[in-house]
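Welcome! Take a moment to look over the sequence and the model, and then let us walk through a few places together.

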Amino acid sequence: MITRQRLAAGALALLAALSAGLGTAGPAAADDEPAQPSPKVELVLDVSGSMRARDIDGKSRMAAAKQAFNEVLDATPDEVQLGIRTLGANYRGDDRKTGCKDTELLYPVAELDQAGRTDAKTAVATLAPTGWTPIGPTLLKAADDLKDDNAERSRRIVLISDGEDTCQPLDPCEVARKIAAEGIHLTIDTLGLVPDAKTRDQLSCIAEATGGTYTSVRHTDELSGRVKQLVDRAADPVAAPAATEGAARCSEAPQLKAGVYTDREKFGEHRWYRVDVEPGQELRASVSVGADRAVNQDYGVLLRASTTHGREIVRGSEAGDGRTDVISTGLRYPKPEDDGDGDDEGADGGEAAGETVCLQVSNSFSAPSSVKTTPGLPVELAVDLVDAPDEASDVASFGLGNGWWLLGALILTGFVAGLVWGWVSRWRFAVWRTN
């Protein structure tokens, strides 16, 4: 049975659940899996002169960053190897060549015991806003800090900055792409301390090149909370999204398996992907499209599943009005063991065969004329294949799912309330006539 489900804010939780579930789908039991190597995280802090500005909760950006670092160091999980690197912390002069080499490993990457946390806090306390903003050279050094012989280790750089790189032509975005191409499982997340368009564009580009995230923060608690979240994510990593590229039609679409995928979609574009669904399986898919730039209000996202012949199976859609920077929707499609469709039978007329499902991702975003429309909007598509329910009603229940009991309770309550109100009304009328 076909069902349509809307997933708005809850779709992000679905993406995380799918990602976590995919990591346990192997045939071996969890207890039999080898222990994962401890993750490495390096916090990279901009200590350039602009960090003196007092525009975060009435104090300087540097003071806010120090407070956030102290809270993060206290909360870092024991299994995480953490290090701290600075940029622009030492050279006060005007020589560009010297200023662009100003990066220092303030605290080496290592597991933190109590003494280590104290030493790291002491080192951070000595920092004072000083010089240039050599983001590109610092990222190269930070990547070297995290390298080792263990190819399975999770690695993450968290960059906190309040301005653009001042050491061009070494483009930090190109540096991030180079790091991603090395295949060392390194993700760069960026946090911007000023809502400046150029800074946001550069930090967003750095993050996107490695599958990381960009966050704009304006308050100390936001900064510490976000850095804690990223460090915790390194300690409990989920499946890393794989890059893919949708096609203009289903016949040319990439074949996807269970996993999380990233793509870019132009404004108002339709993109197609294909998934093979075996009899007895249920396809679960969700998509999130991010508005990473200024867009017009009133937009929507559609995720549609159809057969290779174009017959729609199920769809999910969601609309937005400019109050969020991410919009999501999802769908579920169960493939029964034998649905009686002749097209699904095997070549010998026996058991039902698998089915290729075409997934269409569409958006109705538009942008003001002053906004660049390239590259396209970031898309994250999560696909999972699980055992289908025994009964179609387990999935659909005419679109109500487990809400049937609530509907029944509302009907019964309304019926009883109507009887009571009618009886009270008749009694009051009878008393009025008598008096």
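With which side chain does the side chain of Arg 332 make a polar contact? The partner is the side chain of Glu 282, at 3.0 Å; a polar contact is a pair of N or O atoms within 3.5 Å, where within protein one must be able to donate a hydrogen and the other to accept it, and residues adjacent in sequence count only if both atoms are side-chain atoms.

Before going further, please note that this is a predicted model, in which local features need pLDDT of at least 70, side-chain atom pairs count only at pLDDT 80 or more, and totals for chains, interfaces and linings use all residues. Residues are numbered from 1 along each chain as its sequence is written, and side-chain values use heavy atoms, leaving out hydrogens and water.

Back to Arg 332, which sits in strand β14, residues 326–334 (strands are DSSP runs of E, at least two residues, and helices runs of H or I, at least four, numbered from the N terminus). Arg 332 and Glu 282 lie 50 residues apart along the chain, yet their C-alpha atoms are separated by 6.8 Å. With a relative accessible area of 22%, Arg 332 is partly exposed, since buried means under 20%, exposed over 50% and partly exposed in between (1.4 Å probe, protein chains only).

Now turn to Thr 220, in helix α8, which covers residues 220–235. Thr 220 counts as buried because its relative accessibility is 4%. Leaving aside residues up to four places away in sequence, Thr 220 touches Ile 56, Asp 57, Lys 59, Ala 64 and Gln 67, a contact meaning heavy atoms within 4.5 Å.
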